[in-house]
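Work through the exercises below with the sequence and the 3D view open beside you. Try each task before you read its solution.

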Amino acid sequence: SLSKGRSFLHRRSNEERSFDKLRTNGGRASVRLTDCHNIDDFRALAKRRLPWPVFDYIDGAADDEVTRRRNRDAFDRCDLVPRVLAGVESIDMRTTLFGREMAMPLFLSPTALQRLFHWQGERAVLRAAANAGTVAGISSLATISLAEAGALTGGPKLFQLYVHHDEGLNKAMLDAARDAKFDAVALTVDTIVGGNRERCLRSGFTSPPRFTARNMLSYAIKPGWGLNYMLREKFSLPNLATHVSEGSSVPKSVAEYFTSMLDQSLDWKRAEAIRKKWDGPFCLKGIVAVEDAKRAADIGATAIMVSNHGGRQLDGSIAPFDALADIVDAVGDKLEVICDGGITRGTHVLKALSVGAKACSGGRLYLYALAAAGEDGVSRAVGLLRAEIERGMKLMGAKTLADLGPHNLRWR
């Protein structure tokens, strides 16, 4: 049976890469990848492909999910004021970040457990990002090793460090990122404990998945996902597995993992010490307060990601876009400021850049696409957003990113 299953997967691989169809029950029309025209379309397809515990892990957030909604809604409180007759036959949206040139001012944030969303996992994301000329983020909780990620593409790469109790593990991950020639490290600072992700509590989602009587039907009615999970390479978190078994062979919810495995004594002194151990661009991920942005500059950080972890940690916290202007005013001339969270449209990127961000990033914007269609899905999602940025710049009368500024915004 195992041999037959692998043979089936081999026959289906080309279809999955091109995502020819997602069939539904009851004779309803199939949905193709080309039917996806925005991030919400990819979200709908991801929901149809994934078991509900896995989908809710991507889609959900903390408590009442107020912050998750706020992250996106914040952009609607700001209007773009376009200029015309600017001669925009050709535009240049290139920028530099972490010492590398990017073809567009948007990159793919590091996210965990990608093998659960599609069997291609981080490999698909790395290839799609490299082909688009932008940065790919790789999490400590990635499902491929840092060494493999480094060898897979020559594109710019960011390693996201979670500081664990096990100092040997922290050192091993930094050494692996250095050996794999990662361009930068992002120290995540907003996960001292796990957020209260109630969707995951209801579904029993863990890493690796724990199949229970309560959630078994959800997995059973998604046989494509199940065959890929069971018959392809075994799920693991290779960057952690040499030091801890939780998350790789011992099922644990992500919130439980953060609360029990991460070092809650992490402070500014420790962050500065980690900064000194890394001799390249260094970013703090999870900054929303002006005072913290200033301290990040003081300890020698070269970048910050203005982020609230997609609303997955402290519900009710300020949206990144709402925090952006004050942070740019305070430290925009000292370090690279990245707006992370709520990005689903090219116009969101233009608004953040107009406020003063150097670039934008997001996780769900490509995870939905990964779940829907693997590498081809991620490539299409990134391509659509790039086209929206380009079209938006032309409609704004901006030939380069330098043409964007507070002058072309109106706040409601």
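**Exercise 1.** Is the crossing of α14 and α15 left-handed or right-handed?

*Solution.* Before starting, note that this is a predicted model, in which local features need pLDDT of at least 70 and side-chain atom pairs count only at pLDDT 80 or more, while totals for chains, interfaces and linings use all residues. Residues are numbered from 1 along each chain as its sequence is written, and side-chain values use heavy atoms, with hydrogens and water left out.

Step one is to find helix α14 at residues 290-298 and helix α15 at residues 320-331; helices (H or I, at least four residues) and strands (E, at least two) are DSSP runs, numbered from the N terminus. Step two is to compare their axes, which come within 9 Å and cross at roughly 35°; axes are lines fitted to C-alpha atoms, for helices over the stretch in contact, and angles run from 0 to 180 degrees between N-to-C directions. Step three is the hand: the crossing of α14 and α15 is right-handed, a crossing being left-handed if the near helix is turned anticlockwise from the far one by less than a right angle, and right-handed if clockwise.

**Exercise 2.** Which residues in α14 and α15 meet?

*Solution.* On the α14 side they are Val-290, Ala-293 and Lys-294, and on the α15 side Asp-326, Ile-327, Ala-330 and Val-331; contact means heavy atoms within 4.5 Å. Sorted by class, this contact has five nonpolar, no polar and two charged residues, where Ala, Val, Leu, Ile, Met, Phe, Trp, Tyr, Cys and Pro count as nonpolar, Asp, Glu, Lys and Arg as charged, and the others, Gly among them, as polar.

**Exercise 3.** How many residues has the largest nonpolar core, and which have the most contacts inside it?

*Solution.* A nonpolar core is a set of buried Ala, Val, Leu, Ile, Met, Phe, Trp, Tyr and Cys residues joined through side-chain atoms within 4.5 Å, and buried means under 20% relative accessible area, exposed over 50%, partly exposed in between (1.4 Å probe, protein chains only). The largest core has 112 residues, and those with the most contacts inside it are Leu-113, Phe-117, Ile-304 and Leu-324. Its largest share, 16 residues, comes from helix α17 (residues 364-396). Apart from this core lies another, of 13 residues, including Met-305 and Ala-359.

**Exercise 4.** Where is Ser-248 found, and why does Ser-248 count as buried?

*Solution.* Ser-248 is found in the loop between α11 (238-241) and α12 (254-261). Ser-248 counts as buried because its relative accessibility is 9%. Among its contacts beyond four places in sequence are Ser-207 and Pro-208, and these two residues are joined by a cis peptide bond with omega about -10°.

**Exercise 5.** What is phi of Leu-85 near?

*Solution.* Phi of Leu-85 is near 55°, a positive value in a residue other than glycine. Leu-85 lies in the loop between β1 (78-80) and β2 (95-97), and is exposed, with a relative accessible area of 88%.
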